[in-house]
Amino acid sequence: MSSVNVEYRNNLSIITIESPPVNALSQSVRSGLVYALEAIKINNDVEAIVLICIGRTFCAGADIREFNKTPLSPHLSEVISCIENSDVPVIAAMHGTALGGGLELAMGCHFRVASLKAYVGLPEVTLGLLPGAMGTQRLPRLIGVKNALDMMISGKPVNAKTALSLGILDQLIDDESLLDGAIAFANKLLIEGKPIRRVRDLTVDPVSVGFFDNYRKKIAVKTRGLISPEKIICSVESSIEMPFDEAVVQERDFFSECKKSSQSKALRHVFFAERAVAKIPGISAEASQRQIDEVSVIGAGTMGAGIAYSALRAGFKVILIDSERSGLQRGKESIKGLFEHDVARGRIDDAGMNEGLERLQTTQSFEAVANSDLLIEAVFENMAIKKEVFRTLDKFCRPGAILATNTSTLDIDEIAAATDRPEDVIGLHFFSPAHIMRLLEIVRGAKTADDVLLTALALSKQLQKIGVVVGNCFGFVGNRMLHGYGREAQLLLLEGAPPEKVDGVLQEWGMAMGPHAVFDLAGLDVGYKIRQERTDQPEDPLFYRIADMLSEMGRFGQKTSKGMYLYDSGSREPVPDPEVQVMISREAELLGVEQREISEQEIIERCIYALILEGSRILEEGISPRSTDIDVVWTNGYGFPRYRGGPMHYADEIGVQRVYEAICELRDRFGSLYWEVPKLLENLGTTDGKFADL
Ligand code: 3HC
Ligand code: NAI
């Protein structure tokens, strides 16, 4: 069957696109559309055309996989022009998510209807692009410059009701089939004799003087470092200043420029990497998911409360357990507070909040877990306590229940061995704040069953998170790599780079926050305790020296208003502290470290290459099966700029050979304690290899 089909019904023609999974506008769909329009043109009986898709959605955009290839004819803009030039009215009938080129296709139609549950949007910016099939010209004509910019700069789709009120849609199809509704709409048009409305012929409403400059200022912080938002603004400016035909030529140039940019390549890499995580190598074909309806969370502290809230928002029945009455009370209040916050933000209504709170049960008794399908332990980070909790769970849980731990450092296999069912035990490493952070490291123990892994992955989707399966080792993937990155940031202090310089340079490079500000946020005491308990720390007096000293002084970071930086009460803004600078210089002198001027390039290379080095080891040891998984962890959990694609993609982009040679130099300069080159990196670096090819 072809991906585009034409059917005739009385005086109407129905063009149906069927190109699973998301009806992306691949070359075969584009040429199929042109062919369909030509076939319809010679049929004099056709008075209107309905364009519709089969499957889960209307077209979700251009086919992103084609962007790495030479463009294939016909271009999407040509297809859209064919539609717009049609002598008979064309009605787009949308369901699911009409995105990017999909919405541009619909805007080329003369009328648009959509099912009530549809979403429409131009998310190209999330791929480092701008709408490249005349969307930057048609959307401002349809809904005005400000609304169009808001949609294109945020990349966020709007729901059908909003799209109707904005003027993108002409009608919602509520209680009948979309096709029947679209056909009825077409017949009504014909009866009323409504003229064809070509969006390109509409004029764009003028904006006030200085509008675009103000808009640029407004989005500057959010779009820091990105190329495509500025191209979107320029292109929309042209919708006012230039005739349509001229402006679309410029739009197409901007589009090719963006498509070729390393930013767009990186963002497309992350798009596919985020989808690849769901494919776990070596999973048995027979494995299927276990049913999860009721979730018990053990430990109602910072993490437990956030995890319980996420589970409630996802619709699960939740039992929250804490050994302390006060802990339970605090957890309950925190969950209520999170609901109220979301009500205030309009994300949920009062009825939704009350219904959610009704699904929450709190108790101090472990017997309550008897019917739970999933147990998530989030008690203190202490092996003896965790083992005791798992022994108790083993006693009270039903057979087949999944027992998960949220540990960030402890050995999953040792915890699993405390039970008689290690195959049901898994790590679910949430990040703080658990209800906000998208990343979920799913830690596969030596005996974790395949169906437990599959269930955890499905759960991550239900919780609206990105689950990445990782192996069991200290710190798993994210924190293990953070260890080396933070170590270099610390060493740089002793060598003469002040904390605000290290943070400033890395932030300017694209990290969401500098490493010292991150440690102040997470709590310097947390890392301190972990380092104290580890028996395999390097014999190096410089290792995390300043962080340890600050911790021993009770300067834990934001929570004590003092850490590496100072914080005014109630503020999260780090203020450099001259006392810390004096302390660093004194300590450097005591340790015999000569302070010097450190270049921005050295700061970037030492910190980022430390990440790449540890990532290479993680791949070598099989802790991550794919370099793309590491990129997903770092872009979703650690503020690594998506537009650089993650540490491993970044290495591929600048050349693994260059990274390898720089790391060899660092090893020669600083010794092999931290810069020993893994075999895998050496192989790639000396054979012109790429992490993506592994
Ligand atoms: N091109 C190629 N493949 C695509 C695609 C696209 N536009 N959109 C999704 N896919 C693929 C995914 O890679 C995935 O493949 P896989 O099964 O091999 O992993 C499959 O379709 C299903 O995708 P999801 O797993 O993401 O399915 P969901 O149901 O969770 O989400 C969606 C569906 C909301 C449509 C989501 O896939 C999405 O956001 N897609 C991208 C939308 C987009 O960015 N469109 C703009 C493209 S650029 C453009 O149109 C340029 C134009 O202006 C010229
Ligand atoms: P927390 O100290 O805020 O809360 C722990 C809760 O567990 C307390 O309410 C305590 O009363 C309860 N508890 C202790 N022993 C118990 C037992 N035997 N039975 C029932 N309840 C018990 O701790 P937090 O920060 O929420 O951490 C929990 C776990 O999550 C730890 O393993 C930690 O390493 C991990 N984690 C923490 C992150 C963070 O940023 N706080 C991030 C990721 C993981």
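Student: How do the residues of the shell around ligand 1 divide by class?

Tutor: This is a predicted model, where local features need pLDDT of at least 70, side-chain atom pairs count only at pLDDT 80 or more, and totals for chains, interfaces and linings use all residues; side-chain values use heavy atoms, with hydrogens and water left out. Ala, Val, Leu, Ile, Met, Phe, Trp, Tyr, Cys and Pro count as nonpolar, Asp, Glu, Lys and Arg as charged, and the others, Gly among them, as polar. On that basis the shell around ligand 1 has 13 nonpolar, five polar and eight charged residues.

Student: Which residues come closest to ligand 1?

Tutor: Residues are numbered from 1 along each chain as its sequence is written; chains are lettered from A and ligands numbered from 1 in the order in which they are written. A residue is near a molecule if one of its heavy atoms lies within 4 Å of it. Ligand 1 is surrounded by 26 residues, and the closest are Arg 56, Glu 104, Glu 124, Arg 275 and Lys 279.

Student: How much of the accessible area of ligand 1 does the protein cover?

Tutor: Start with the polar contacts, pairs of N or O atoms within 3.5 Å. The side chain of Glu 124 has an N or O atom 2.5 Å from an oxygen atom of ligand 1. For Lys 279 the distance is 2.6 Å, again to an oxygen atom of ligand 1. Ligand 1 has 990 Å² of accessible area on its own (Shrake-Rupley method, 1.4 Å probe), and the protein covers 78%.

Student: Which element gives the most to the shell around ligand 2?

Tutor: Helices (H or I, at least four residues) and strands (E, at least two) are DSSP runs, numbered from the N terminus. α12 (302-313), α15 (383-396) and β15 (425-430) each supply at least two residues of this shell. With three residues, the top contributor is α15.

Student: What percentage of ligand 2 is buried by the protein?

Tutor: Asp 322 has a side-chain N or O atom 2.6 Å from an oxygen atom of ligand 2. A polar side-chain atom of Glu 381 lies 2.5 Å from an oxygen atom of ligand 2. Taken alone, ligand 2 exposes 830 Å², of which the protein buries 79%.

Student: Why is α24 called largely enclosed by the rest of the structure?

Tutor: Helix α24 covers residues 600-620. Buried means under 20% relative accessible area (1.4 Å probe, protein chains only). α24 is largely enclosed because its buried residues, out of 21, number 16.

Technical notes. The expected span of a helix is 1.5 Å times one less than its number of residues. Buried means under 20% relative accessible area, exposed over 50%, partly exposed in between (1.4 Å probe, protein chains only). A polar contact is a pair of N or O atoms within 3.5 Å; within protein, one must be able to donate a hydrogen and the other to accept it, and residues adjacent in sequence count only if both atoms are side-chain atoms.
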